[in-house]
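Trainee: I have a model open and want to learn how to read it. Where do we start?

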Amino acid sequence: MKPDRGIPLISGLSLGQGIIDLLRSCDCVVRAELTGAVRRMDPVAHEVALVASVKAEDKLASVVHFLRDRGFAMRPVPDHLKIPQALKASMTRLIRAVPAPTSGRDHTVAVYLTFDFLFPAVWVYTTGDALHNEALYRLKMHHASTGNEAFHAVDEAQVYSAAGLPYILPEMREGYSMAQDPRKLMTAQLIRGDLHTHSVSSDGALTITETVLACLDLGYEYCAITDHSQSLHIAGGLSPDRLLSQRDEIAEVRKRFPEFMVLHGAEVDILDDGQLDYSKDILDGLDIVLASIHSNMRQHESQLTQRLLSAIHCPYVHIIGHPTGRWLGKRPSYPVDMLQIIEAAAREDVALELNASPHRLDLDPKWLRIAAEAGCLFAINSDAHKKDDLNRIADFGVTMAHKGWLMPDQVINTWPTLRLKSWLAAKKHRP
Ligand SMILES: [Zn+2]
Ligand SMILES: [Zn+2]
């Protein structure tokens with residue numbers, strides 16, 4: 001996999017919002033929206049793209065002037081986007097370089113201007129990737145005998161219906177994901193609990209009771225408290241003694257919320273040699289074990305792969321946390337043979353995490369698709385360290401699940417309490 005160079009999604013979203021505000025401040029602009037890879041919620045994008053519309057030709061010149069005054073320069077619409085020629089002819093593209101806040105590299109912002117009656121079609125064709133656009137155009141030509149009728153649409157849904165397709169979510173407008181049945185997709189409402197949260201005991205901001213209350217607010221039926229293990233001193237990792245006293249604390253909280261399942265878990269470090277950071281006795285006493293790598297990520301690929309494989313083969317491990325360890329915009333994935341990991345996780349019935357932190361988005365959707373095909377299970381988790389973080393599952397996790405074509409039944413935290421509980425318990429009792 002290529003290193004994660006480019007614009008991390010959250011930077012792209014905030015940069016894009018700034019340009020939308022700028023465009024909307026221009027009197028001649030009718031509509032301005034985010035488009036391209038950032039609208040598709042790609043974890044990393046190569047440019048931030050916007051589409052804006054005007055009523056008529058003379059207004060177009062005013063907007064071009066407005067943008068040129070603000071450092072934008074006119075450039076042709078690139079061919080590689082596979083935008084139909086008839087539509088491309090109506091579009092004007094302006095770009096500007098914006099300094100990236102952390103990396104020091106410039107980010108490219110592109111604004112596509114068009115006429116308002118073409119806005120939905122231009123929005124569709126600037127959002128989709130080349131494969132999506134090509135397939136959509138072919139279907140449109142096949143479906144509608146008249147040439148460019150579908151470009152005059154009242155909304156995006158009409159652009160798709162002209163090609164005989166249902167509306168496709170922006171995040172799925174890539175590759176051949178139009179083959180997916182939109183009625184079967186993951187939704188935030190299907191999530192019944194969060195299986196990766198940190199409390200004040202390690203580096204989180206919420207008490208266990210506060211976490212439970214926040215999860216109840218989200219309509220959840222269960223959650224797991226998964227603080228760091230002893231070796232991760234920097235994050236206040238719990239010694240076995242502190243972990244045991246946390247068990248007592250959870251027992252008290254359970255009495256207050258009898259209808260809600262609080263799982264006592266841990267995010268256990270996978271040590272440099274592949275051993276886990278707690279003894280078997282301690283692991284056996286936990287309801288759920290996430291195993292993650294937080295240290296020595298500069299090892300050789302074979303060592304890192306072995307560390308993850310050891311964790312997958314440990315009968316106490318239920319989930320591999322943020323499997324590639326990337327931190328978008330800061331740190332690429334560590335080198336690991338992901339195909340081997342996927343195969344082992346599928347065989348050993350260990351779930352792979354879709355960590356919904358916008359800094360991680362790990363596993364990446366590309367790997368999710370391969371892992372889903374290989375029969376893996378997944379847990380879409382927030383890795384919350386504070387209350388707002390719990391919303392990450394809805395804000396980012398479900399979207400990434402769409403991009404990775406995950407079906408609800410493959411996601412263990414859509415399962416009802418009893419099913420999850422028996423799956424968690426079954427792991428420990430294997431021969
Ligand atoms: Zn972690
Ligand atoms: Zn964590």
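Mentor: We go from the overall build to single residues. Keep in mind that this is a predicted model.

Trainee: How many helices and strands are there in the protein?

Mentor: The protein has 15 helices and 14 strands. Its radius of gyration is 24 Å, close to the 22 Å that the globule rule gives for 431 residues, so the protein is as compact as a globular protein of that length. The C-alpha trace spans about 75 × 45 × 45 Å along its principal axes.

Trainee: What share of the residues counts as buried?

Mentor: Of the 431 residues, 47% count as buried. Look at contact separation too. Among contacts with a separation of 6 or more, 71% are between residues 24 or more positions apart.

Trainee: Now the sheet. What is the general idea of strand pairing?

Mentor: Strands of a sheet pair through backbone hydrogen bonds, either parallel or antiparallel. Here, an open sheet of seven strands has the order 8-9-10-11-12-13-14, and the pairing is parallel. Strand 8 (193-197) and strand 14 (378-381) are the edge strands, each pairing on one side only.

Trainee: How many bridges join strand 8 to strand 9, and how many pair strand 9 with strand 10?

Mentor: Three bridges join strand 8 to strand 9. Thr 197 has Ile 225 of strand 9 as its bridge partner. Strand 9 (residues 222-228) and strand 10 (residues 261-269) pair over seven bridges, in the parallel sense. There, Ala 224 stands opposite Leu 263 of strand 10.

Trainee: Is strand 9 buried or exposed?

Mentor: Seven of the seven residues of strand 9 are buried, so the strand is largely enclosed by the rest of the structure. Helix 5 (residues 119-127) is mostly covered as well, with nine of its nine residues buried. Among them are Phe 119, Trp 123 and Tyr 125.

Trainee: How do I read a pair of packed helices?

Mentor: Two packed helices are described by the angle between their axes and the distance between the axes. Take helix 11 (residues 301-313) and helix 12 (residues 338-348). Their axes come within 10 Å and cross at roughly 5°. Angles under 35 degrees count as roughly parallel, and helix 11 and helix 12 are therefore roughly parallel to each other.

Trainee: Which residues of helix 11 and helix 12 meet?

Mentor: Helix 11 brings Thr 305, Leu 308, Leu 309, Ile 312 and His 313. Helix 12 brings Gln 340, Ile 341, Ala 344, Ala 345 and Glu 348. The residues of this contact divide into six nonpolar, three polar and one charged.

Trainee: Why does Leu 361 count as buried, and why does Asn 296 count as partly exposed?

Mentor: Count C-beta neighbours inside 10 Å. Leu 361 has 28 and so counts as buried. Asn 296 has 14 and so counts as partly exposed.

Trainee: Last one. What is Lys 428 in contact with?

Mentor: Lys 428 lies in helix 15 (residues 417-428). Leaving aside its neighbours within four places in sequence, Lys 428 is in contact with Asp 284, Pro 315 and Tyr 316. Lys 428 and Asp 287 are 141 residues apart in sequence, and 9.7 Å apart in space, C-alpha to C-alpha.

Methods:
Residues numbered from 1 in each chain as written. Chains lettered and ligands numbered in written order. Predicted model: local features only at pLDDT ≥ 70, side-chain atom pairs only at ≥ 80, totals over all residues. Buried ≥ 20, exposed ≤ 12 C-beta atoms within 10 Å, placed from the backbone. Helix = DSSP H or I, 4+ residues; strand = E, 2+ residues; numbered from the N terminus. Pairing = 2+ DSSP bridges. Axes fitted to C-alpha atoms, helices over the stretch in contact; angles between N-to-C directions. Parallel < 35°, antiparallel > 145°, perpendicular 65-115°, else oblique. Contact = placed C-beta atoms within 7 Å. Nonpolar A, V, L, I, M, F, W, Y, C, P; charged D, E, K, R; others polar. Rg over C-alpha atoms; globule rule 2.2 N^0.38 Å.
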